[in-house]
Structure formats: structure tokens, C-alpha cells
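Me: I have a model open and would like to understand the words used to describe it. Could we go through them together?

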Amino acid sequence: MSLPDTEEIVEDLSFFDDWEDKYKYIIDLGKSLPSFDDVWRTPERLVKGCQSSVWIQPGSEQDATRGEVLIFAVDSDAIIVRGLLGLVLSALNHKTPEEILAFDISAFFESLDLERHLSPTRGNGLRSIVNRIKGIAQAAA
């Protein structure tokens, strides 16, 4: 199953009245992430600054019209963080490095009212994940 795009996520989350239901939706996003190969669970793929363990494996493929797009395999040992990774991937996966760097992830999170509902350590971890992906995009640009 593929992840919904950012507009679909904003629309889906707007249907829920409370954050408990929104968290369930986010957790379900994490369940739809592709499996992560155990050989990628290495220190160099581990994101620093996260309370939970988070691994990112970057890759790329050629898109017929856009050229090289970056693809990311991700995983976490925490189910809510897997869901947050699903949110991040809906915004940044299968994009060119330039598209990743230009995407306003803060505005996306604000449209979800997300960071206000995360603990400070989880919010810091989310920013670390985004910064790692943007750093990979910067190196590829």
C-alpha cells in the first residue's frame, strides 16, 4: 500500500475531532510503510537527536520526466514515530532533491497542528529526521 499525498493527509485528519483519533490515523500510516531490511540497521543510518531509534536508508531512481528522484526506506522502534515517518515520507519521498529542499515541511506540520501535540523530545526528533533527509537532498543536488 502506498502512502497518501500531503493534501490527502490534511483532508483525512480534518475529519477527526480529537487527537486520539488523529494519532490512530498517524499510527496506521506507519503500518503502511514498506518493510526495512535488517542489514540497514547500522549506526551510520541511525538519526541522531531522536529519542527512539530511527534509521534512514536513502536511494534514488530515474523518473522519465523529472530525472533523478530520491527514495527513502525508513524505520523506527516506536509505532508513533513510524507514523510520523509516514507523514514525512508523504511529503518528501519520490521527489527530486530540488523538490525536497523547496518543500515547506514546517507549513505542512502546521496545517496538521502537529507539533503542538508532540512532546518536545518527539518534536526535536521529527526535526532531526527532516534535517537528515534535507541533508541527503542537499548532497544530491
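Me: Which elements of the chain have the lowest and the highest mean pLDDT?

Reply: Helix α5 (residues 105-112) has the lowest, 93, and helix α4 (residues 97-102) the highest, 97. pLDDT is the predictor's confidence in each residue, from 0 to 100, and the chain averages 94, with 99% of the residues scoring at least 70. This is a predicted model, where local features need pLDDT of at least 70, side-chain atom pairs count only at 80 or more, and totals for chains, interfaces and linings use all residues. Residues are numbered from 1 along each chain as its sequence is written, and side-chain values use heavy atoms, leaving out hydrogens and water.

Me: What makes up the order of elements in the chain?

Reply: From the N terminus, they run α-α-β-β-α-α-α-α, giving six helices and two strands. Both are DSSP runs numbered from the N terminus: helices are H or I, at least four residues, and strands are E, at least two.

Me: Why is α2 called roughly perpendicular to α3?

Reply: The axes of α2 (residues 19-31) and α3 (residues 79-92) cross at roughly 80 degrees and come within 6 Å. Axes are lines fitted to C-alpha atoms, for helices over the stretch in contact, with angles from 0 to 180 degrees between N-to-C directions. Angles under 35 degrees count as roughly parallel, over 145 as roughly antiparallel, 65 to 115 as roughly perpendicular and the rest as oblique, so α2 is roughly perpendicular to α3.

Me: Which residues of α2 make the contact?

Reply: Y23, I26, I27, L29 and G30 of α2 do, with heavy atoms within 4.5 Å counting as contact.
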